[in-house]
Amino acid sequence: MQLLKAVWALAGAAICCFVIFVIRSHFLKEGQLAAGTCEIVTLDRDSSQPRRTIARQTARCACKKGQIAGTTRARPACVDARIVKAKQWCEMLPCLEGEGCNLLINKSGWTCTQPGGRVKTTTVS
């Protein structure tokens, strides 16, 4: 009797998962992102200069109304559009936990300073 109940429960769970998958795939066509999410499309690193690595990243985002593509905790994310328009980059929390954020003088990006003194500079293009 217990085994029969367990089988029915597993069958019900499997059917529910299948229905959720079908509904989700119906609304999200292949290649589409869920609202409010981002994905990295390209990531290129250049370490040809000593003590310096230049990384270029392109992200694709499906942001909600009032949001725009940005960076949160060193990952692409949808952020409040006013942050980007005002170039107040540190408000979107672009640095990792424990790092300090500072705006570049010309507001073209920001720096993340680690406790050991290592600095990562990000510019927006």
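Select Cys63 and Cys78: a disulfide joins them, with 2.2 Å from S to S. This is a predicted model, so read each stop on the tour as part of a prediction. The torsion about the S-S bond of Cys63 and Cys78 is about -85°, so this disulfide is left-handed. The link ties distant parts of the chain together. Cys63 lies in the loop between E2 and strand E3 (67-72). Cys78 lies in strand E4 (residues 75-80), and the two cysteines are 15 residues apart.

**Next: Cys38 and Cys61**

Select Cys38 and Cys61. A disulfide joins this pair too, with 2.0 Å from S to S. The link is right-handed, with 115° about the S-S bond. Cys61 counts as partly exposed, at 25% relative accessibility.

**Along E1: Asp44**

Stay with strand E1, which spans residues 37-46, and select Asp44 within it. Which residues does Asp44 touch, leaving out those up to four places away in sequence? The contacts are Ile54, Ala55 and Arg56. Draw a distance from Asp44 to Ile54. Their C-alpha atoms are separated by 8.2 Å, and the two residues are 10 residues apart along the chain.

**Next: the sheet of E5, E6 and E7**

Select strands E5, E6 and E7. These 3 strands form an open sheet in the order E5-E6-E7, with antiparallel pairing. The edge strands are E5 and strand E7 (119-123), each pairing on one side only. On average, neighbouring strands of this sheet are turned by 20° against each other, direction ignored.

Zoom in on E5 and E6. Strand E5 covers residues 100-103 and strand E6 covers residues 109-113. How many bridges join E5 to E6? There are 4, and the two strands run antiparallel. Select Asn102 and look across to E6: the bridge partner is Thr111. Then select Cys101, which stands opposite Cys112 in E6.

E5 and E6 form a hairpin with 5 residues between them. Pick Lys107 in the turn: this residue has a positive phi of about 60°.

**Last stop: Cys95 and Cys112**

A disulfide joins Cys95 to Cys112, with 2.0 Å from S to S. The torsion about this S-S bond is about -85°, so the disulfide is left-handed. Cys95 lies in the loop between helix H2 (81-86) and E5, while Cys112 belongs to strand E6. This pair also links distant parts of the chain, 17 residues apart.

Are Cys95 and Cys112 buried or exposed? Cys95 is buried, because its relative accessible area is 3%. Cys112 is buried as well, because its relative accessible area is 4%.

Finally, select every bonded cysteine. The structure holds 4 disulfides. Counting bonded cysteines along the chain, the disulfides follow the pattern 1-2, 3-4, 5-7, 6-8.

Note on methods:
Residues are numbered from 1 along each chain as its sequence is written. This is a predicted model: local features need pLDDT of at least 70, side-chain atom pairs count only at pLDDT 80 or more; totals for chains, interfaces and linings use all residues. Side-chain values use heavy atoms; hydrogens and water are left out. Contact means heavy atoms within 4.5 Å. Two strands pair if DSSP finds at least two bridges between them. Axes are lines fitted to C-alpha atoms, for helices over the stretch in contact, and angles run from 0 to 180 degrees between N-to-C directions. A disulfide is a pair of cysteine sulfur atoms within 2.5 Å. Buried means under 20% relative accessible area, exposed over 50%, partly exposed in between (1.4 Å probe, protein chains only).
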